[in-house]
Amino acid sequence: MDASDILESLYFGALVGGFAIVGAWETRAPARPARAPLRERWTANLGLLALNHGILPLLLPISNGAAAWFASERGWGFMNVVELPPAAAVALTLVALDAVRYGNHRLWHQVPVLWRLHRVHHSDVDYDLTVGLRFHPIEAIAGNVAVLAAVVALGAPVWAVIASDVATVALGYFAHGNVRVPGAVDRALRVVLVTPAMHSTHHSVERDEAMSNFGSVLSVWDRLFGSYRERPRAGDAIEFGLADERDASRLTLLRLLRLPFASAPAPAA
């Protein structure tokens, strides 16, 4: 098994294993009862996952790990110029790439043309692990380009980049999970990590609440840059989705692909 096979196996393991674990957790201990038919929502969300994983390798035929190897071979990037101990290099990579993902996420809300595309992710009227897969293909491509550029500029070690990708995928399922976490555990975890209770506020139908809790893995960025919100005003009665898209039966895969171009959306903030 060569390095590329190992990279693919680790990513696939996080993609499938994380889904299975959080899916089982949702089934046994859901935080909220389902608010929309599961079949319709999952058909759209898993359809976008399949479409994005089919398109991305064709339009962007280089993974984050491959970009790290490419930069290393050519001596590009900060960590290929400044030598760091292995543990420090891994830690810096995890923190820096998570910061890039946080900043990128805020841009998708604040720039009108980007918000048109990001509305697809926020259009689900319910909240479970599949919402973390609900991205328009154009956003999926552009988001990957931003991370690729950061990987090359950072000169990050290959295995550190893989660790970042695996953590982002696995904890993305957790953060989007409709799972019940005891209050004391949630409070302890969110000191460092994004939790389901924290990130679900970001998917609120209330626009000011949707402009909070942007973090992917680490909660520190929201606290540091003033976008942290403890909980939604409605508490457990929080409504998810977009104010102008309340009919889940209309949000089919085909309509989600057209949604950014259909009409002028409400501003993100």
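How much space lies in the largest cavity? About 40 Å³. The model shown in these close-up views is predicted.

**View 1. The largest cavity and its lining.** The structure holds one cavity of 30 Å³ or more. The space in the largest cavity is about 40 Å³. Eight names make up its lining: Glu-40, Arg-41, Ala-44, Asp-124, Val-125, Arg-134, Ala-248 and Leu-251. Four of these residues are nonpolar and four are charged.

**View 2. Helices at the second largest pocket.** Two helices each supply at least two residues of the lining: H8, spanning 183–189, and H9, spanning 196–202. Which helix gives the largest share of the lining? H9 does, with four residues.

**View 3. Helix H3 against helix H6.** H3 covers residues 64–74, and H6 covers residues 137–154. The two helices pack at an angle of about 30°, and their axes lie 9 Å apart. H3 is therefore roughly parallel to H6, since angles under 35 degrees count as roughly parallel. The crossing of H3 past H6 is right-handed. On the H3 side, the contact is made by Asn-64, Ala-67, Ala-68 and Ala-71. On the H6 side, Asn-144, Val-147, Leu-148, Val-151 and Val-152 take part. How do the residues of this contact of H3 with H6 divide by class? Seven are nonpolar, two are polar and none is charged.

**View 4. Helix H5 against helix H12.** H5 runs over residues 112–122, and H12 over residues 253–262. They pack at an angle of about 145°, with axes 8 Å apart. H5 passes H12 in a crossing that is right-handed. H5 brings Arg-116, Leu-117, Arg-119 and Val-120 to the contact. H12 brings Leu-256, Leu-259, Pro-260 and Phe-261. The contact of H5 with H12 has six nonpolar and two charged residues, and no polar ones.

**View 5. Helix H4 against helix H7.** H4 spans residues 86–110, and H7 spans residues 158–175. Their axes come within 9 Å and cross at roughly 45°. That angle makes H4 oblique to H7. Is the crossing of H4 and H7 left-handed or right-handed? The crossing is right-handed. From H4, the residues that meet H7 are Ala-89, Val-90, Thr-93, Leu-94, Leu-97 and Arg-101. From H7, their partners are Ala-160, Val-161, Ala-163, Ser-164, Asp-165 and Thr-168. The contact of H4 with H7 divides into seven nonpolar, three polar and two charged residues.

Conventions. Residues numbered from 1 in each chain as written. Predicted model: local features only at pLDDT ≥ 70, side-chain atom pairs only at ≥ 80, totals over all residues. Heavy atoms only, no water. 1 Å grid on protein atoms, 1.4 Å probe; cavity = no way out; pocket = protein on both sides within 12 Å on 5 of 7 lines; lining within 4 Å. Points joined across faces, edges and corners; volume = space filled by probe spheres on them. Nonpolar A, V, L, I, M, F, W, Y, C, P; charged D, E, K, R; others polar. Axes fitted to C-alpha atoms, helices over the stretch in contact; angles between N-to-C directions. Parallel < 35°, antiparallel > 145°, perpendicular 65-115°, else oblique. Left-handed = near helix turned anticlockwise from the far one by under 90°. Contact = heavy atoms within 4.5 Å.
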